[in-house]
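User: I would like to go through this structure with you, one feature at a time. Could you set out the terms as we go?

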Amino acid sequence: MNDGRIIIDKIIADADEAVNKILSEAKDAADAIIGAAEDKAAKEKTKNDKIVADEKEKVVSKQISGAEMDAKKSVLSAKQEIFEEVISEAESRLVNLPDAEYADVIGKMLDSMDKGLGTEVVVSAKDKGRLADVIASKGFTLSNETADINGGLIIKNGDIEYNYSFGSIIAIEREDIQQIAAKILFE
């Protein structure tokens, strides 16, 4: 009977060894699968981290670009506002010059006029009294009409009018005035 026990023990030992070998192989296979899955997950994480970083960079760049654009718009708006104030102040100062200086400015304007345009001069109601003498002395006729202008004059030749009001001159010369003012104010 001893021999029977030895055979049974041998079968059990061989079975245990086979089980241990199968378990060991299964564990190794499972470890390999888990390792491959972890490597794949790490690669996916790295890939996703790069995608997230790239998207984050794009969003930040877009926000910075938008903020810079808004800042430039604000600066441009402020410059435009300053320019408009300067033009308005210049026109106001010109219109409100003392009578002698204002008559001198209008006289110089009349000196540069071609009398072929006409000789009748129309001015604002405010300027009629203070410009009558200078208009007559320059060989022009002061019109009985008045114009709704802040300053300057209008030369009339029949139905044709040539507008030399300060507002009109500024409107025509606005771009040149703006460039000159920009150099003075912002450079």
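Analyst: To begin with terms, helices (H or I, at least four residues) and strands (E, at least two) are DSSP runs, numbered from the N terminus. Two strands pair if DSSP finds at least two bridges between them. This is a predicted model, in which local features need pLDDT of at least 70 and side-chain atom pairs count only at pLDDT 80 or more, while totals for chains, interfaces and linings use all residues. Residues are numbered from 1 along each chain as its sequence is written, and side-chain values use heavy atoms, with hydrogens and water left out.

User: How many residues lie between S3 and S4 in their hairpin?

Analyst: There are two residues between S3 and S4. Gly158, in the turn, has a positive phi of about 65°. The two strands pair in the antiparallel sense over six bridges, and Ile154 has Asn163 in S4 as its bridge partner.

User: What is the order of the strands in the open sheet?

Analyst: The order is S2-S1-S3-S4, and the pairing is mixed. Strand S2 (141–146) and strand S4 (160–165) each have a single partner strand, so one side of each is left without a neighbour in the sheet. On average, neighbouring strands are turned by 30° against each other, direction ignored.

User: And how many bridges join S1 to S3?

Analyst: Three bridges join strand S1 (residues 120–123) to strand S3 (residues 152–157), and these strands run antiparallel. Val121 stands opposite Ile155 in S3.

User: Which strands does H2 lie across?

Analyst: H2 lies across S1, S3 and S4, at about 35° to S3. Helix H3 (residues 125–137) lies across S1, S2 and S3, at about 170° to S2. Axes here are lines fitted to C-alpha atoms, for helices over the stretch in contact (heavy atoms within 4.5 Å). The angles run from 0 to 180 degrees between N-to-C directions.

User: Changing topic: which residues have the most contacts inside the largest nonpolar core?

Analyst: They are Ile106, Leu110, Val121, Leu131, Ile135, Leu153 and Ile155, in a core of 17 residues. H2, S1, H3 and S3 each supply at least two residues of this core, and the largest share, five residues, comes from H2. A nonpolar core is a set of buried Ala, Val, Leu, Ile, Met, Phe, Trp, Tyr and Cys residues joined through side-chain atoms within 4.5 Å. Buried means under 20% relative accessible area, exposed over 50%, and partly exposed in between (1.4 Å probe, protein chains only).

User: Is Asp127 buried or exposed?

Analyst: Asp127, which is found in helix H3, is buried, with a relative accessible area of 0%. Leaving aside neighbours within four places in sequence, Asp127 is in contact with Tyr102, Asn150, Gly151 and Gly152.

User: What about Ser165, buried or exposed?

Analyst: Ser165 lies in strand S4 and counts as buried at 6% relative accessibility. Beyond its neighbours within four places in sequence, Ser165 is in contact with Ile149, Gly151, Gly152 and Leu153.

User: How many aromatic pairs are there?

Analyst: The count is one aromatic pair. The rings of Tyr102 and Phe166 have centres 6.0 Å apart and planes at 90°, so the pair is edge-to-face. Rings of Phe, Tyr and Trp (its six-membered ring) pair if their centres lie within 6.5 Å; planes under 30 degrees apart count as stacked, over 60 as edge-to-face and the rest as tilted. Tyr102 and Phe166 are both buried.

User: What sits over the ring of Tyr102?

Analyst: The charged end of Arg130 does, 3.7 Å from the ring centre. The criterion is that NZ of Lys or CZ of Arg is within 6 Å of the ring centre and within 35 degrees of the ring normal.
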